Amino acid sequence: MLLLTVLLAAASPSLAQGQVVRGRLVDADGERGIGGAMMTLLDRSGNEAEQILTRTGSGLFELSAPNPGEYRLRAERIGYESTFSDYFRVEVGDTVTVNLTARVEAVSLVGIEADVGRRCEVRPEEGMAVARVWNEARKALAAAAWTQERGMYQYEMLRIKRRLDRRGRRIEADRSTDRAYTDAPYVSRPVDSLVAGGFARITSSESVFWAPDAAVLLSDEFLDTHCLKVTEGGTDAPGMVGLAFEPVRERQLADIAGTMWLDPETARLRWLDFGYVQLNVPGSLLAASPGGRVEFEALPNGTWIVTSWSIRMFMPGEAIHPLTGRPAATLDGITVQSGDVLRVHDTEGVVHEGHTGGRIVGTVRDSLEVGLPGARVFLEGSGTEVLTDAQGRFELTHLRPGVYTVYYTHPYMEQLWYEPEASEVEVENPWVPAELEFSAPSMEKVLDDICNNRNRPRAPLVAVDKVAWRNGVLIGMVTDEEGQPAPQATIYLQAHAYEAGSVFFETFGMGGDKELENMRLRSNERTSDSGFYRACWVPVGIPLEVLVVEKDERIDRDALEEALSLADLFPDRVQVITIDLENPYHTLDLRVGQAITPR
């Protein structure tokens, strides 16, 4: 039953510039207000004059009529048949009140059969099944477009750029580009530009792809250049009803073809999958399956938002064709750019928390199988990383399906430049986390591993008054005078000792004329691009001279080679340390031109 009440109010100065239509949408009993329904003001020609969502809890609404004339209201709720009022007259400056009782007939898409043929409707109203599915998809798209146009929310977004291998399975890089507030999850290019110029622009220097938003999908320009048909969900959308679309035959520009997926029980639009077609590129690049995905969700107040989007693009390369010997385009990799809504804010606070997406959870344990706190767990390519909690647990979130290489480290490993073995794990279902466990090595194991490419000397060292062993590991960072890392600097190490062996006994045990005090054990290391150095198997328990020489510094190499003591040549720059026998791992930071106190 429709309850129509029209109250005509005298024109007042505040209403002189427009006409107001207000009212309330109620349930069948006429008591409970229905919020979140889309109210549309229609003129006699069926044109939409204005839209607004009814208020949550009360069902109240207020619309503006652009001109005097006859109008009626349409109330739409997803999953229910639409409700229409009778036509009513609005005069200049009028305030008209129209209360509607919503229809209770539920809409179900269960049982709609897919069209397996090639027939494709250019306009939704031309096919009964297509029109039924489109009408429910249209409601969600209209609410999403209305929400975005009015800038009702601030979106806290996580934008990520991922690089995949050629097969599109292994994630080679995963980098968060920003985590900031925005007025919309994403906004498409204007529909007239897309229709006229296509959904992709591919040149020899760049490739640009655009995704559709709700406004584009609703537009007459899009519906006039694309046809639709009902399809069934396969392995990627089991149990869903799809509304597939593709460009009409005469359209030859770069375009999109895809499917809007709806829940048949609730008639709610869940997501849109699309692929790029008619790109006019080599087939090797099309193996990347360029396309994208847009996910929708309704908020409790009836507004609709995009919660996630992604675009998948090919990365072209070039190789010599084995048969022709000429350069040919190859697929070098795949890039996926995406945006995930973390939180939605209005003037009163957070109104929506985004889903964490795919997850990898696990624990890092120490050599005693106890949870290791403060370990850094990260994905290959950087950008996504977390620290383990007090129990050694971690969780990596907002991951899309794929195979990830997961690394971990800890300060005691990082200061030794030690990289423990990574693990691969596949993220498949966003609702079921992938699990991973790491066992961190002991310090003894780390020390053995980091110098594994250099055999530990077994022969003892003979110093002036004792026998020593080369069991030490010395690490540190070298900085310049301004405190910046000094790459490619040389670290000279010297001890008054000699390695015991046949040469020693020939020289000293068989009447050689050299004195033991004049023997020196010397080595040198280079710093990395980050200014770090590592020296393996240095003497422990005896004094060790350490000198740093800058990359382009001019020194007397011959004098350095002949010097019995480095301190004699560089009295203010040599640090003398003795590495403890019980703790063979030692850190010494150095500064070009002087030594820094060891830690």
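Residue A267 is buried in this predicted model, because its relative accessibility is 0%. The residue sits in the loop that runs between strand β16 (255–262) and strand β17 (269–277), and its backbone has a positive phi of about 65° although A267 is not a glycine. Most residues other than glycine have a negative phi. A second residue with a backbone of this kind is E369, which has a positive phi of about 65° and is not a glycine either. E369 lies in the loop between β22 (358–365) and β23 (376–379), and with a relative accessibility of 47% E369 counts as partly exposed.

## The chain as a whole

The chain has ten helices and 39 strands. Whereas a compact globule of 599 residues would have a radius of gyration near 25 Å, the chain has 36 Å, and along its principal axes the C-alpha trace spans about 125 × 65 × 45 Å. Of the 599 residues, 47% count as buried. Among the contacts between residues at least 6 apart in sequence, 64% join residues at least 24 apart.

The average pLDDT of the chain is 85, and 90% of the residues score at least 70. Confidence is highest in strand β28 (residues 434–439), with a mean of 96, and lowest in helix α8 (residues 502–509), with a mean of 44. Over residues 502–514 the pLDDT is below 50, and this stretch has 16 contacts in the model beyond near neighbours in sequence. The pLDDT is also below 50 over residues 1–16, a stretch with 31 contacts beyond near neighbours in sequence. Where pLDDT is low, the predicted coordinates should not be read in detail.

Which residues of helix α7 (residues 443–450) are buried? They are V446, L447 and I450, and because they cover an arc of only 95° around the axis, they lie on the same side of α7. An α-helix has 3.6 residues a turn, so residues three or four places apart point the same way. The buried residues of α7 pack against α6 (411–414), β30 (467–479), β34 (532–540) and β37 (585–587).

The torsion about the S-S bond is about -80°, so the disulfide is left-handed.

## Salt bridges

How many salt bridges does the structure hold? There are 27 salt bridges, and the table shows some of them.

| Salt bridge | N to O distance |
|---|---|
| E48 and R74 | 3.0 Å |
| E136 and K139 | 3.0 Å |
| R376 and E385 | 3.1 Å |

In the pair of E48 and R74, the side chains meet in a salt bridge. E48 lies in strand β3 (residues 48–53) and R74 in strand β5 (residues 69–76), so the pair ties together parts that are 26 residues apart in sequence. Is E48 buried or partly exposed? E48 counts as partly exposed, because its relative accessibility is 46%, whereas R74 is buried, with a relative accessible area of 11%. The two residues also belong to a network of salt bridges, in which E48, R74, E76 and R138 are linked.

Terms used. Residues numbered from 1 in each chain as written. Predicted model: local features only at pLDDT ≥ 70, side-chain atom pairs only at ≥ 80, totals over all residues. Heavy atoms only, no water. Helix = DSSP H or I, 4+ residues; strand = E, 2+ residues; numbered from the N terminus. Buried < 20%, exposed > 50% of the residue type's maximum accessible area, 1.4 Å probe, protein only. Arc of directions from axis to C-beta. Contact = heavy atoms within 4.5 Å. pLDDT = per-residue confidence, 0-100. Disulfide = S-S within 2.5 Å. Salt bridge = Lys/Arg side-chain N within 4 Å of Asp/Glu carboxyl O. Rg over C-alpha atoms; globule rule 2.2 N^0.38 Å.
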